[in-house]
Amino acid sequence: MDQGTRGELISRLAEAIGSVTAAHPLRVAIDGPPAAGKTTLADELAVVLRAQDRDVIRATIDDFLFPRAQRYRRGQYSAEGCYFDAHDHVALCRVLLDPLGPGGDRRFQHAVYDRDTDTPSSPPATTALADAVLLFDGVFLLRPELIDRWDLRIFVSVPFEQTVDRARDRGTALAGSTADTADIERSWRNRYIPSQQLYFATARPTEHADIIVYNDQLQRPTWEVRPHSSIHRI
């Protein structure tokens, strides 16, 4: 276990990425519960890697959602619906993870869905450089359907109760409505947290992570490289 400043964490993660060799673009999963800070971490890491002249592809699981009617067919607050019905893993592998993986042609799309319009999206295909890095953030990334598609697995860990507080604060800042924050809390307690508990019980994501970032103290995080990891110690 190591602890340091935010900048030290990002620097160490960049070193870890640099220590992994592959004959294709490096596919990095940044997993964790909602409101854990995955997107922020991925964005910060992208800045550092680009400053080191690495070609970075940023993508998120939110651009690989099924349409809303399918996501909520079991009900708005269904944990099972959140875990089983929300994300199009087949499309994710077909258009992004497999093209960037062993034997892939490196022609990829970063999205298949537009959340704002709840419609399919088909951006033009792009060809990645052979030494590019995909930083992909989202929930449930270390589940069995995806686990072998990643070359480096980072799990951002935050206590579930703290994610509720962060989501509520974020909702208040954006909407300023008590009703909205009440709905956020209900969604977290009835849908998002139970779906994470289901994920932990069935997929055991932290057992498969190469690096775990304990992100409850944003400016003073703690991290560890797991014993099974092939990453050089950082």
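A nonpolar core is a set of buried Ala, Val, Leu, Ile, Met, Phe, Trp, Tyr and Cys residues joined through side-chain atoms within 4.5 Å. In this predicted model, the largest such core has 42 residues. Select Leu96 and Phe136, the residues with the most contacts inside that core. Then colour β3 (56–60), α4 (79–84), α5 (89–97), β8, α6 and α7 (178–203), each of which supplies at least two residues of the core.

Leaving aside residues up to four places away in sequence, Leu96 touches Ala59, Phe64, Ala91, Phe108, Gln109, Leu134 and Phe136. A second, separate core comprises 26 residues, and Leu26, Val28, Leu45 and Val133 are among them.

Select Arg6, Leu9, Ile10, Leu13, Ala14, Ala16 and Ile17, the buried residues of α1. Viewed down the axis of α1, these buried residues fall within an arc of 155 degrees and therefore line one face of the helix. Against which elements do the buried residues of α1 pack? They pack against β2 (26–31), α2 (38–51), β8 (133–137), β9 (152–157), β10 (211–214) and β11 (222–225).

Finally, select Asp165 in helix α6 (residues 160–175). Asp165 counts as partly exposed because its relative accessibility is 35%. A distance drawn from its C-alpha atom to that of Arg58, 107 residues apart along the chain, reads 27 Å.

Note on methods: Residues are numbered from 1 along each chain as its sequence is written. This is a predicted model: local features need pLDDT of at least 70, side-chain atom pairs count only at pLDDT 80 or more; totals for chains, interfaces and linings use all residues. Side-chain values use heavy atoms; hydrogens and water are left out. Helices (H or I, at least four residues) and strands (E, at least two) are DSSP runs, numbered from the N terminus. Buried means under 20% relative accessible area, exposed over 50%, partly exposed in between (1.4 Å probe, protein chains only). The arc is that of the directions from the helix axis to the C-beta atoms. Contact means heavy atoms within 4.5 Å.
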